[in-house]
Amino acid sequence: MLLRTRYLTQGIAKVLIWIAALSTIAVMILILLQILGKGLPILHLRFFLESPREMGREGGIFPTIIGTVALTAVAILFATPLGVGTAIFLREYTKESYISRIIRFGTDCLAGVPSIIFGLFGFVFFVIYLNMGWSILSGGLTLAAMILPTIISTAEEAIKAIPYSYREVSYSLGGTKWQTVIRAILPNALPGIFTGIILGVGRSIGETAAIILTAGSSLVMPTSLFSPIRTMSIHFYILAREGISMDMAYGTGAALILLVLLINTVAHWLLNRYIRHRV
Amino acid sequence: MKIYLSWFFSILMIFLQIVGCQRSRAGITVAGSTSVEPFAELLAEEYMSRHLESHIYVQGGGSTAGIEAVKSHAANIGMSSRSLLPEEKNLYAVTIARDAITIIVHPKNPTTNLSLSQIKQVFSGKIRSWKELGGAAHPIILVNREEGSGTRESFQKFVMGKEEISLESLVQDSNGAIRQVVSNDPNAIGYISLGLVNEKVKALKLSGVEPDVTDIENGTYTLVRPFLFVFSGEPAGEAKSFLEFVLSPPAQNLLSKEGLVSILKPSGK
Amino acid sequence: MEIQEKIIEKTLLFVALSSIMILGLITFFIFEQGLPLIWKIGPRAFILGERWVPSQGSFGILPMIACSFWVTIGALALGIPLGLACAIFLSEWSPPSVGMVLRPAIQLLAAIPSVIYGFWGLIVLVPLVRNYLGGPGLSILSGSLILGFMILPTIISISEDSLNALPPSYKQGALALGATHWQAIWRVLIPAARSGIVTSIILGMGRAVGETMAMIMILGNAVKMPTSFLDSARTLTTNIGIEMGYASGDHRQALFATGVVLFIIIMLLNSLAIFLSRRRAG
């Protein structure tokens, strides 16, 4: 009797767990099917290249694509040097010490701050205090703060993965620490760092709450870094909520998903190739 | 070394851009009420197609935020869907159109007409079931705008008076979102701009008066509020040019087509 | 040469402190904007107040705290069993072919923007809840379901890592003693990976408490204290998100004050998670 109960329990557990795993995939497929199903037909070249007309009922989403790209570019531009610099410092210039613990604590905490708090901060600091207004710059800088932890941790992993022999050789040839970093370490860590950048880009694309509060939601083509813009995810949010045009909403959503799919695939392929297998 | 230098120069470039072009975006910012926003965007689109070098950035944020933005010079023009408060009276406001607030329900809802006092009782939570209005025994789902919305303040002023809107009401942050909720829920009731009513929702009559342009113009439909463009002083430059366009017949025609009441026609008020 | 090296080191130190400096800036500005209002009405009135009616100067956020709490509990009720199950599946049971589909699928789940989840919830879940369970559909229940899904990747990936990190001797020992595979998992491996699993749950909680966009779309945002899962309500995050665009003066400060409370809660959760995970790794 006892024997049978054990196997019965295992059987039930197995079934339940299989159901769990399959239903997780199932729901994800449902979500993707719904949006891609209704959205893919909308996607054609004109959709991407035209500007919206008639309050978004017609036309395309070109300005939002530009907005998304510009914002992400600014974010990456600021976050990468800071992130890579931090990683270099942590890995090459210190041991586990008071300073490195503080830095890690800061980074881990920053990673956990919700996006609406970043939005509030960006609003009061960049938009109001520094008087940058709702702009690509305000939004990009806020976004940079949000993706910084991602870049730091990926860069750190990439640098960590480089065998110590590289450094030994450089030092033995008379190189200084900095020269070692610049000539031996960084070039080899570049693919890993690049992965971190891609992951940061992926995160930037989906970000909405913080951007609305810092970059505005203007639908017009931006003319400078100080122009307000609307990103694809904000456009999707507005279209979906207001029911202006469900077609456009689905189309924008599909474009978003495809973009994210692409970036995610590239990032994880890179991750597996350059970081996981180095050691 | 090369990476170091290129980062340095990129940052230098950005810095120069910041220092050199403080707020030098050509064009004007129009910020404020989300009720006015879609119409302002339409007008801006039209204006920019006639004046190719202009840039007009339209932003939401709400009537109050828009007025604040004009005061602090963050925006050139503020959009408001409510009249100015006494402390705002030193700003320069121009009515660019008039808009009615309509009460909407789901198209399948049998109710077609409510009196002002009935609406008040529904929204304050005193009437809770559609049965009390002659419908089925289903709870009434209220949909409200968020605090700070010009539309909500107008609704509060014209309909509720001193009574508070029930705290149980759902809250959505734009006319379009309210319309979405009401169009999907047979038991919902909400209020939106007349200009945004479409075939997905049904607009109720107010004590027998249909919310259409005729009744608004002759004053029988009373839930009417002004759409204002607010300036910090006498309008000048591009802002003045845009204002003049907005008040002109082609622009007003555009607004009429979208369901607003043009200021060019004679009105009862 | 020496001096150049010193300069570079100091510069890098400065750069590396950027994350903690940014954290400091955020803390400073949020508190600077929000604290005055909390003092003005009194912390007790703010946190325990049940009425949020800015036009009358009432700023009580208890309904928001309650809603954040319940939505998170609901999300965990879905996320923990489902997440643990998937983690166990991936770690112990999955045939490699299924694993190759499931793992990227979970990573993709994590990458999908929250507005997409919110939209789907709005189109599919909300009508279902409304038609079969009653209420407006825009409810804590709908929010919990979607949120549960959104935190799955967090719980799954960290739990799976913890399970994989266990020495094989644990499982072999249990099996050698005659346990079934499931008994080995349930009675030996899971308890052993306990701290990692708990960390994943806390991080999932942090993610749930911080979610904004999807919640604005699905919760209905009513301002009243929720009394059932079918009620509409608003979380601390959606309270800020939905009114921030319009607020000024005291109202805006009150929203920052909501941010202060949210920030403190998140910091506590995150510090707990960091503490637990460093202990595990150390």
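Two residues are in contact when their C-beta atoms, placed from the backbone, lie within 7 Å.

The structure is a predicted model, in which local features need pLDDT of at least 70 and side-chain atom pairs count only at pLDDT 80 or more, while totals for chains, interfaces and linings use all residues. Residues are numbered from 1 along each chain as its sequence is written, and chains are lettered from A and ligands numbered from 1 in the order in which they are written.

**Figure 1. Contacts and burial in chain B.** Of the contacts in chain B between residues at least 6 apart in sequence, 74% join residues at least 24 apart. Chain B has 269 residues, and 48% of them count as buried (20 or more other C-beta atoms within 10 Å of a residue's own; 12 or fewer is exposed, and in between is partly exposed). Its secondary structure comes to 9 helices and 12 strands (DSSP runs numbered from the N terminus: H or I of at least four residues for helices, E of at least two for strands).

**Figure 2. Confidence along chain C.** The mean pLDDT of chain C is 88, with 98% of its residues at 70 or more; pLDDT is the predictor's confidence in each residue, from 0 to 100. The model as a whole scores ipTM 0.89 and pTM 0.87.

**Figure 3. The surroundings of Leu163(C).** Leu163(C) lies in helix α7 (residues 140-165) of chain C. Leu163(C) counts as buried because 22 other C-beta atoms lie within 10 Å. Residues up to four places away in sequence aside, Leu163(C) touches Ala87(C), Ser91(C), Leu189(C) and Ala193(C). Ser55(C) is 108 residues from Leu163(C) in sequence and 52 Å away in space, C-alpha to C-alpha.

**Figure 4. The largest nonpolar core.** This core holds 248 residues, of which Ile117(A), Leu120(A) and Val30(B) touch the most other members. Its largest share, 15 residues, comes from helix α4 (residues 62-93) of chain C. A nonpolar core is a set of buried Ala, Val, Leu, Ile, Met, Phe, Trp, Tyr and Cys residues joined through C-beta atoms within 7 Å. Neighbours within four places in sequence aside, Ile117(A) is in contact with Ile26(C), Ile30(C), Gly259(C), Leu262(C) and Phe263(C).

**Figure 5. Where chain A meets chain C.** Chain A gives 66 residues to this contact and chain C gives 64. On the side of chain A that touches chain C, helix α1 (residues 2-39) of chain A gives the most, with 16 residues.
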